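Please open the model in your viewer and keep the sequence panel beside it. The tour below goes from one selection to the next and says what is to be found at each stop.

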Amino acid sequence: MLLRTIVAVRGGRLLRCLSERLPAPDVVVERVRPSEGAWDRILRKGGDVIVVSESLIPDPLERSISLLNDLPEIPTSVVITQSSSPQTHADLLACGCDTVLYAALPEDQLVDAIDATIENRRQLVSRTLVDHGAGHRPKLADFVSEGPTMQMFMQVVRRVVPSSATLLLLGETGVGKEHLARAIHAESPRSGGPFVAINCAALPEQLLESELFGHEEGAFTGATRSRRGAFELAHGGTLFLDEIGEMPLHLQAKLLRVLQDFEVRRVGSERGVEVDVRVMAASNRSLKDESEAHRFRQDLYYRLSVIELVVPPLRDRPEDIPALAGGFLARIGPKIGIDVRSIAADAMEKLCQYDWPGNVRELSNVLERAMLLCEGDQITLDDLPVSITGARPNSHASSAPFTADQWRGKTLHEVTAAAIEQVERAYLEMLLGETGGRVGDTARRAGIHPRGLYNKMRRHRLRKEDFRRR
Ligand SMILES: Nc1ncnc2c1ncn2[C@@H]1O[C@H](COP(=O)(O)OP(=O)(O)OP(=O)(O)O)[C@@H](O)[C@H]1O
Ligand SMILES: [Mg+2]
């Protein structure tokens, strides 16, 4: 990540020393004039490290410092005071300042101390940005390759892992594009740096622009303070641009410029900063077709597609299904507290014959559901959805909820309404499971309008996220 260091100090010599010695490949130094209103300008700018003369901090000190510590970046503060009294130093620290330095020290010593503070900040940022979670972290070995389709694909992948080349990851929904991007990052020389993911379809144009490139205070209405963008956050690591095909054309032009010289300019800023970022973009649509239809810039497509990795759909590699399924059982079991170790041969055969429109995501969903339904320690045909086994619905199971006991005291209308609700819910659950929670896809298959589907999902308390992550 790029570390922004804001310097607002009195004393020309110190300022010169700081401006000369602090900048590093990941450190950008910005000066704030030590005049009236300096503190407000600092608060609006924000930053990682704030170096400020005590006399520029308005009274009451405690409140001012707490405003600084409340900024989203929670900056590390270095306060330079004219006082040599230990009591003053202790008071400043008690107010929440991180480092207090005596202004009369030789400039070199001051700069060394500030440099050490920046190094601490660097360590802190890398600890928080790099995911050290105990959960499952994607690795290349997850991409099981029992047959030639996947073996050839993984051969290409392994070749591009060590470089910093831009990658375009294509493939149907649920094949594992994001999983692959994370795995490549984790096994690349950049693994110590951050992995920042942005979904280009999820944000309106202006927000997406500032999310990607950052903005300066006042750049647009509502930009009350400056903010860094994903490129700056991903400095030293990888930036994953998901659903790149949805990026508005105007931003595509800006992205292309950044990909050419890796210099980003925040919205509303004249100055560019250099970033060292590996970009991976993903789409489940053919960007070639999109660019031919003028919905995607051709020049950007050419720039991105130098290395294009098309993750094969699951139906083209049924030989990988047993090992993938085994991996999921082992991974999902502890998460849901159910120990199911194996899949019966006839059930496995059905899994290998099915065409998996929702790909690996759908496989994982189907297995989690099967584990929950499973009564022994082996998944059987009964635990799989009808769409996969091709069997007629089990008449006992489907009629069980509608027993005479439940009909008593109800009108015909109430009973049929309840039955419809139940069938509707089960049907939507099945479809959402298959599409991995994709509303557009589900609505199309169900033959209803997406808005109608949303209403039904709300009524049945079905959330698309629950079908994505499983
Ligand atoms: N090889 C794999 N091993 C284990 N889990 C995988 C693998 N591939 C994908 N997954 C899991 O399947 C789910 C879908 O994968 P991912 O989100 O990467 O797909 P995607 O191609 O980005 O899909 P979409 O186009 O819908 O965004 C995720 O939960 C992911 O962790
Ligand atoms: Mg994805």
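What follows begins with the whole chain, moves to the ligand, and ends with single residues.

**The whole chain**

Start by displaying the protein chain as a cartoon, bearing in mind that this is a predicted model. The secondary structure of the chain comes to 22 helices and 14 strands, and its C-alpha atoms fill a box of roughly 85 × 60 × 45 Å along the principal axes. If you switch to a surface, its accessible area comes to about 23,500 Å², of which 51% belongs to carbon and sulfur atoms. Of the 470 residues in the chain, 46% are buried. Among contacts with a separation of 6 or more, 70% are between residues 24 or more positions apart.

Next, colour the chain by domain, using 3–129 for domain 1, 140–312 for domain 2, 314–391 for domain 3 and 393–470 for domain 4. The contact between domain 2 and domain 3 takes 13 residues from domain 2 and 14 residues from domain 3, while the C-alpha centres of these two domains lie 32 Å apart.

**The ligand**

Now select ligand 1 and show the residues around it. Which two domains give residues to the shell around ligand 1? Domain 2 and domain 3 both do, so the ligand lies between them. The shell holds 17 residues, and the closest are Thr173, Gly174, Gly176, Lys177 and His179. Sorted by class, the shell has 4 nonpolar, 5 polar and 8 charged residues.

Highlight helices α7 (177–186), α13 (321–336) and α15 (359–373), each of which supplies at least two residues of the shell; α7 gives the most, with 3 residues.

- From a nitrogen atom of ligand 1 to a polar backbone atom of aspartate 142, the distance is 3.1 Å.
- From an oxygen atom of ligand 1 to a polar backbone atom of glycine 174, the distance is 2.9 Å.
- From an oxygen atom of ligand 1 to a polar side-chain atom of arginine 361, the distance is 3.1 Å.

Ligand 1 has 630 Å² of accessible area on its own, and the protein covers 88% of this area.

Select arginine 228, which sits in the loop between α8 (205–213) and α9 (230–233). Is arginine 228 buried or exposed? With a relative accessibility of 12%, arginine 228 counts as buried, because the cut-off for that class is under 20%. The side chain of arginine 228 makes a polar contact of 2.7 Å with the side chain of aspartate 48, and a polar atom of the arginine 228 side chain also lies 3.2 Å from the backbone oxygen of leucine 2. Beyond residues up to four places away in sequence, arginine 228 touches several residues, including Met1, Arg4, Glu73 and Arg266.

From there, move to arginine 266, in the loop between β9 (263–265) and β10 (272–274). Arginine 266 is also buried, at 6% relative accessible area. Leaving aside neighbours within four places in sequence, its contacts include Arg4, Phe213, His215, Glu216, Arg228 and Glu232.

**A buried cysteine**

Go on to cysteine 97, in the loop between α4 (86–95) and β5 (99–102). Cysteine 97 is buried, with a relative accessibility of 5%, and, not counting residues up to four places away in sequence, it touches Ile65, Ser77, Val79 and Leu92. To get a sense of scale, draw a line from the C-alpha of cysteine 97 to that of arginine 297, a residue 200 positions away in sequence and 49 Å away in space.

**Backbone details**

The last stops concern backbone geometry. Most residues other than glycine have a negative phi, and most peptide bonds are trans.

Select aspartate 59 and proline 60, which are joined by a cis peptide bond with omega at about -10°; proline 60 lies in the loop between β3 (49–53) and α3 (61–69).

Then select glutamate 243, where phi is positive, near 50°. Glutamate 243 lies in the loop between β8 (238–242) and α10 (249–261) and is partly exposed, with a relative accessible area of 21%.

Finish at asparagine 359, which has a positive phi near 55°. Asparagine 359 lies in helix α15 and is buried, with a relative accessible area of 0%.

Definitions and conventions
Residues are numbered from 1 along each chain as its sequence is written. Chains are lettered from A and ligands numbered from 1 in the order in which they are written. This is a predicted model: local features need pLDDT of at least 70, side-chain atom pairs count only at pLDDT 80 or more; totals for chains, interfaces and linings use all residues. Side-chain values use heavy atoms; hydrogens and water are left out. A residue is near a molecule or strand if one of its heavy atoms lies within 4 Å of it. A polar contact is a pair of N or O atoms within 3.5 Å; within protein, one must be able to donate a hydrogen and the other to accept it, and residues adjacent in sequence count only if both atoms are side-chain atoms. Accessible areas come from the Shrake-Rupley method with a 1.4 Å probe; for residues, only the protein chains shown count as cover. Helices (H or I, at least four residues) and strands (E, at least two) are DSSP runs, numbered from the N terminus. Ala, Val, Leu, Ile, Met, Phe, Trp, Tyr, Cys and Pro count as nonpolar, Asp, Glu, Lys and Arg as charged, and the others, Gly among them, as polar. Domain bounds come from an automatic or database domain assignment. Buried means under 20% relative accessible area, exposed over 50%, partly exposed in between (1.4 Å probe, protein chains only). Contact means heavy atoms within 4.5 Å.
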